[in-house]
Amino acid sequence: MTKINKNHVAKNHSTNQSAMNRLIIIYLTLQSILCLFASQAIAEDSKAEIRGFLKNYCINCHGYSEQNADRRFDDLSFDFSNTRNGELLQEILDQLNLGEMPPSDEVQPSSAETKKMVEMLTETLSRARNAARADSTGKVVLRRINRGEYLNTVRDLFSLNMTDFDPTVAFPADDLTEGFDNVGEGLLMSDFLLAQYLEAAEQVVEKAIRPGPQPTIQHIVSEGDLIHGGGHSDQRGFKRALVRDQFTRAYVKRKYAGVPHDGEYVLRIRANTVRWSDHRFDVEQLGYDPTEPPRIRVLVTSRTLGDVSTRIFGEYEIRDGEPVELEVRGFLQRGYEFAVEWANGPRGSQKRIMRKVFPQYLPEETVELARNPVEMYLGAAPELRLHRLEQEGPFYDQWPLPGFARFFGDVPKAPTQNDLQRCLVRFAEVAWRGPADEQSLKRYLDLAMSRYESTRDFWQAAKIAVRALLSSPRFLYLVEPEHANDNRILNDYEIATRLSYFLWSSTPDEELLGLAFKGELAQSRILIQQVDRMLDDPKARSFSENFTGQWLQLRRLGEMPPDPATNQAYYAEHLESAMRQESLLLFNHVLRENASVLDFIKADYTFINGSLARHYGIAGIVGNEFQRVSLNPSHRRGGLLGHGSILTLTSNGVETQPVERGIWVLENLLGTPPSPPPPDVQPIEPDTRGVNTIRELMAKHRTIATCNECHKKIDPIGLAMEKFDHLGRFRQRYTTGSAIDPSGVMPDGSEFDGMEGIREYLLSRPDQFTKCLTEKIMIYALGRRLAFVDRGDIDQIVTDAAKQGYGLRDLLKLIVLSEAFKTK
Amino acid sequence: MSSKPSNDDFEKVFSMNRRLSNKIDRRQFLRSSSVGLALPMFESGTSVVAGDQERERESELESLHAKRFVCVSPDYGVYPDAFFPEDSGRDYEMPKTLKMMERHREELTVFSHLDHPGVGGGHACTRTFLNGVKASDVDGDRSQLRSLDQLIARKVGTDCRFPAIVTGNGAPISYTEAGIPVPSVPTPDRFFNLLFVAEDSKTKERQRTALGDNASILDVILEDSRALQVDLSARDRVKLDEYLTAVRETERKLLRRKDWIDIPKPKVKQPKRDEDEDSQGGYPYDMSLFFEVMVLALQTESTRVLTYQMPGGNRMFPFEGITMGYHTLTHHGKDPEKASQIQIIDRYYLSQVAGFIDKLKKTTDQQGRSLIDDTVLLFGSGMGNASSHSSRDVPVMLVGGGLKHGAHHSFPKDGNRGTPLCDLYVTLLRHFGIETDQFASSRGDLDHLLT
């Protein structure tokens, strides 16, 4: 399998539309704030009502005199620090839901009473749970850097080129907490992972610490038969390929373990085709398209590692007739090399052509006689001719390499222990993201010294100490010491670290560390400058990708891929990556232009390429390049809800899942996720025999009270999105022919009609959406769950963001300036 | 169930389903025609494990107990109506899915109405099969998550190259004693390489150096993290404890690896895919390969504890009669069409397990005893009725290991409450020589039924 490396980075035609989006009015009323506060305590009258219900219907058998099944409710307390109380309430709720209690020969509550009690108990329990959870949060739990952050961190520490180099490849996946993989409490450490860290550190150090003179440039030339692979030998000084398959892949050398050093290499190719379109064979049968110019493909690969290591470097046009000279330049890791193959020649195996195609062009008896049909086919068919392959390198922009020079640049020819110490301290202060505590550093220096004493090898000693530092707790965790449980303000280095892992998913750079050193970083003016600088840096791509990957769950795209047999275009046109790209480009645009976050709901533009436009049925867009496209209502797109990505990732590859879609909107746009089924309430198995449409099926589901509690909110939203199929294509009818009814009513009485209805519903609550987004960004920025204590900050941020026109960049700055961001 | 499935029914299903049935027949044929195929060929007649006398004595003592434990667990469980027998006792009728096990009836026990009290529904219940508790319910004390297989491994597995191996692509169900999910070896190829393919001398040399270096590094970071703990808040300290545990555990494992690095890996023949399956490749066809490597692993004493996680997902199974994705089918909502399709998949799973048991029976260990005699196979899932993703009444089946088998035990239900599955685990722990009265949510044991 080859890894396709073509990033069709779009050129965004940015027009400044954000001004118009700033006129949204905010409805953050006092009332909603009060609600938030009230939600934590359990109202006294609820308690009284629950007690009353128990007294009327339960206590006869579960009270002071009788305690059937060992249950007693007359002394029930609402103190949920004792988990038993919660469990008892839960049991009562279960029994009511199941309709098993009170037993049928006892006095029965009316159905209205039962319903009310079910709602009340559900609510009470959910509050109790929230309260208990909030109790243990509100502070960042020691954060381990996750897999992506580790990768970026070592890249930036040593300015490493990470193409084809991933020391984290065997790291176990990081767990999600509240939907994010950078939340401290959820980031586990295990001996498996630690073993991987040790191994990764060794690999990184081998790449980064490269003392000695610049490697000499090697020049390998192979011509004609000396080219390895590339098809058939020819005495006339070239190799010829008849088909595009992996067996005709050409290499510069026969036995070659790849380049000996990491670095830039140049590959020169001399090649042409003959009879590209001028032959007597049926091109359909040969399986290629002679109307396009012939191309060769350059691969980067490692023959030792095999197919998994192979990726496409690029494709280049050549011509029919006269050979052309091509030169490509790229970075090769040690052990890798270039390879060349025919990108668009006749398809499939030579055997197929010999057996199925070739005989049709010769009288039968000739074929019988032909000893070597390949030779007869050669000279008549299109072929690729490779005349020369030439590889030269490694080349470096500077030597010693910048990542090495950063820490070891001043090591003299005959280094001493003092040099060792100086370099390691320098490294530790960057790796540990701040001044290194002398006591702790000493252990690492001692390790280096003892290695130096036993081996007298400066570099061996340096390497083992750097490996230890890269496996140390102060590197792998973002340490924020705290002696008492005081809500202390972070110091400047800690703020630099938070900022940097927020916007770059990486370690702070020299500028951030410099500002921290000067004690200036915490000033609001400087912080805002830094946010702008950091967002303009290419490293901020990590923020866009990681945040949208998790907020919008774009990472889930591809988890349930559609059936290749019935969804060919999805694969042929690379729709999955195009869809992901569309959402990412919208996010980047809003971020760069400081456009209103409400554009995520209602943007009248989007970013698509030819394939995605065809998929959406939008005319007039061609080519692989993504471009900004203005939308009108007839396109039925606009905003995230019209994105193929969202519609596909909430489906299961075969059909839509309205429940998933409803939950997705509640969770990620409205910020009111339905509670998962409370522990020990077993979902009752719905009997869905005899239903015809998903709407009927879901209606049946809602006849069960426990289900209805949440599904009355979920289902209307999901069903309103039904006019978009499992790949996000618009449809008027189901494949069965039955019509789609996208209308719905929310529990509060709001009515929907289709996707446009959801958009209006969301837009009528700009504060609610902004709050939801703010909370998501806060979780990501802080690396922790939010707690009750954060409500104040969040509400203030939302209010201010609304005043400033809901700009995304402004929102990020408000978050960085918030109390929560600057406190432990 | 009103009509009792017969052997004829079973035949009918598979003749309708020709592609699948061909495959099974082929397997049967291969198995019987070449009993030696799966048998490893040792380089010499000597034992793989360099055993000194003391170790031999120990293992003699241990042979009083079962030696090996295998857990096989499908993510989405098994369609209940075709799995749980109606009548209990010895002469129970096997429903259609369970019927795949008919030939092993005397060596197996089926349980009805066992589950983990306190574990709610949803996909997360799958992960509780071997520990009885959800990660979200342990309240910061992750050690509650340790799973049965790892506990058994600590008792019986420590003198093998691998104390325990987790394989397959399903949801993780195996947790270390610190409560960390054990990474799985995801493919049969990697599984085989890990156990049987020797590193070249250069790699070994590199490993030896790295082991030495890492030992010194671990010393330093252990000291440093102890010092760091003092500076942290109580909650952060708990978090750093994870790191400290990891450092100590890595040190321990390093010593183990050092011990094993020069002991050659056993030489066995790599099991091959059936030729006609090769083109399809991968899941679900790799299931039989997983099982073959598992047999080799046990036979060569490379490990004594195996956990095989069978994946869920929404893939379309390439079987005749299957028209919907796996996950879609599990939410059958009593729709007879979906319910019948899900059973095709279940039967495939169970037939693979039955084939695995065939191999355990046929293959002998180094003392010449049939593997099944000393291997406890636990088949089951943390998910009961997948249609509602319920964790109630989970499928559980126990095979081999010298336990008392042949019956279906159905437990009384107290309302929504079954008998804790952990009662069975208490009995299993004892069976492996671990004296205990309690495991997770257990309220007793099932000794009286199995011993």
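How many helices and strands does chain A have? Chain A has 32 helices and 16 strands. Helices (H or I, at least four residues) and strands (E, at least two) are DSSP runs, numbered from the N terminus.

This is a predicted model, where local features need pLDDT of at least 70, side-chain atom pairs count only at pLDDT 80 or more, and totals for chains, interfaces and linings use all residues. Residues are numbered from 1 along each chain as its sequence is written, while chains are lettered from A and ligands numbered from 1 in the order in which they are written.

**Exercise 1.** Find which sides of H17(A) are buried and exposed.

Solution. 
- Step 1. Helix H17 of chain A spans residues 510–518, and its buried residues are A:Leu512, A:Leu513, A:Leu515 and A:Ala516. Buried means 20 or more other C-beta atoms within 10 Å of the residue's own, exposed 12 or fewer, partly exposed in between, with C-beta atoms placed from the backbone.
- Step 2. These residues cover an arc of only 160° around the axis, so they lie on the same side of H17(A). The arc is that of the directions from the helix axis to the C-beta atoms.
- Step 3. The face turned away from the buried side carries the exposed A:Glu510 and A:Lys518.
- Step 4. The buried residues pack against H16 (492–503) and H18 (524–536) of chain A.
- Step 5. A:Gly519 follows H17(A), with a positive phi near 75°.

**Exercise 2.** Describe how H13(A) packs with H6(B).

Solution. 
- Step 1. H13 (residues 438–455) of chain A and H6 (residues 201–229) of chain B pack at about 175°, with axes 9 Å apart. Axes are lines fitted to C-alpha atoms, for helices over the stretch in contact; angles run from 0 to 180 degrees between N-to-C directions.
- Step 2. H13(A) and H6(B) are therefore roughly antiparallel, a label for angles over 145 degrees.
- Step 3. From H13(A), A:Arg443 and A:Tyr444 are among the residues that meet H6(B), whose side includes B:Glu223 and B:Asp224.

Technical notes: Angles under 35 degrees count as roughly parallel, over 145 as roughly antiparallel, 65 to 115 as roughly perpendicular and the rest as oblique. Two residues are in contact if their C-beta atoms, placed from the backbone, lie within 7 Å.
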